[in-house]
Amino acid sequence: MSRSIGSAFGTQLTSGSLRPFYAIKMNFTSGTLLLATTYADLVIGGNTYLGSGHILNVSPITETSDTKASGVNITLNGLDSGLLSAGLTEDTQGMVVEIYFGLLTTSNNADTIIDSPYEIFSGFIDSMVLQEDGDESKLRFAVENKLITLEIPTDRRYTDQDQQNLFSG
């Protein structure tokens, strides 16, 4: 998917000091979880993304010229019991996830977001796996691209009965 970027964003991409981040929006039935791969909270579009740099990991995001669904894994580790229990009781399959890519710069001793972060991935949660060891618990979300819906076969036919179910009369 082609994207246009702002001139300030492009300039920062070619500069010697690059401070990228991901912002992740996970929509659940009980509410929206907003996380960023930074250590400080970020305000993007009026929403506060929690700085989760030490507990959040995003697998590489691939994009191809083929019409193909590529997924991504999001891992949350070192979770507190409240977030962990919410993750275990929540029905997560099919919930929408959006991942944004942005750049930071420092001005007046404060981090500033350059332009607007760009949406680089949007998809649905396929599965959530809890991984535990003696020291910590991890939640790993397997997220599939929205293109995965193209692989689901339709059960519609062009028979008279099938059309009557859609349009009686």
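Student: What joins S9 to S10, and through how many residues?

Tutor: A hairpin does, and 4 residues make the link. Strands here are DSSP runs of E with at least two residues, helices are runs of H or I with at least four, and both are numbered from the N terminus. Before we go on: this is a predicted model, where local features need pLDDT of at least 70, side-chain atom pairs count only at pLDDT 80 or more, and totals for chains, interfaces and linings use all residues. Residues are numbered from 1 along each chain as its sequence is written, and side-chain values use heavy atoms, with hydrogens and water left out.

Student: OK, in which sense do S9 and S10 pair?

Tutor: Antiparallel, over 9 bridges. Strands count as paired if DSSP finds at least two bridges between them. S9 covers residues 118-132, and S10 covers residues 137-145.

Student: Which other strand pairs with S10?

Tutor: Strand S6, residues 72-77, pairs with S10 in the antiparallel sense too, over 6 bridges. There, Val72 has Val143 in S10 as its bridge partner.

Student: Zooming out, how many helices and strands does the chain have?

Tutor: You'll find 3 helices and 10 strands. Going along the sequence, the pattern reads α-β-β-β-β-β-β-α-β-β-β-β-α.

Student: And what percentage of the residues is buried?

Tutor: That's 33% of the 169 residues. Buried means under 20% relative accessible area, exposed means over 50%, and partly exposed is in between, using a 1.4 Å probe and protein chains only.

Student: What does Leu34 touch?

Tutor: Leaving out residues up to four places away in sequence, Leu34 touches Ile24, Lys25, Asn47, Thr48, Tyr49 and Leu50. A contact means heavy atoms within 4.5 Å. Take Thr48: it is 14 residues from Leu34 in sequence, and the two are 7.0 Å apart in space, C-alpha to C-alpha.

Student: What about Thr38, is that one buried or exposed?

Tutor: Buried, because its relative accessibility is 9%. Thr38 is in the loop between S2 and strand S3 (42-44). Its contacts, again not counting residues up to four places away, are Phe21, Gly51, Ser52, Gly53 and Leu104.

Student: New topic: how many aromatic pairs are there?

Tutor: The structure has 2. One of them is Phe28 with Phe141, a tilted pair at 6.3 Å centre to centre and 45 degrees between the planes. Phe28 is in strand S1 (residues 20-28) and Phe141 is in strand S10, so the pair links distant parts of the chain, 113 residues apart.

Student: What counts as tilted?

Tutor: Rings of Phe, Tyr and Trp (its six-membered ring) pair if their centres lie within 6.5 Å; planes under 30 degrees apart are stacked, over 60 edge-to-face, and the rest tilted.

Student: Last one, which residue in helix H1 is Leu13's number, and how exposed is Leu13?

Tutor: Leu13 lies in H1, which covers residues 7-13. Leu13 counts as partly exposed because its relative accessibility is 35%.
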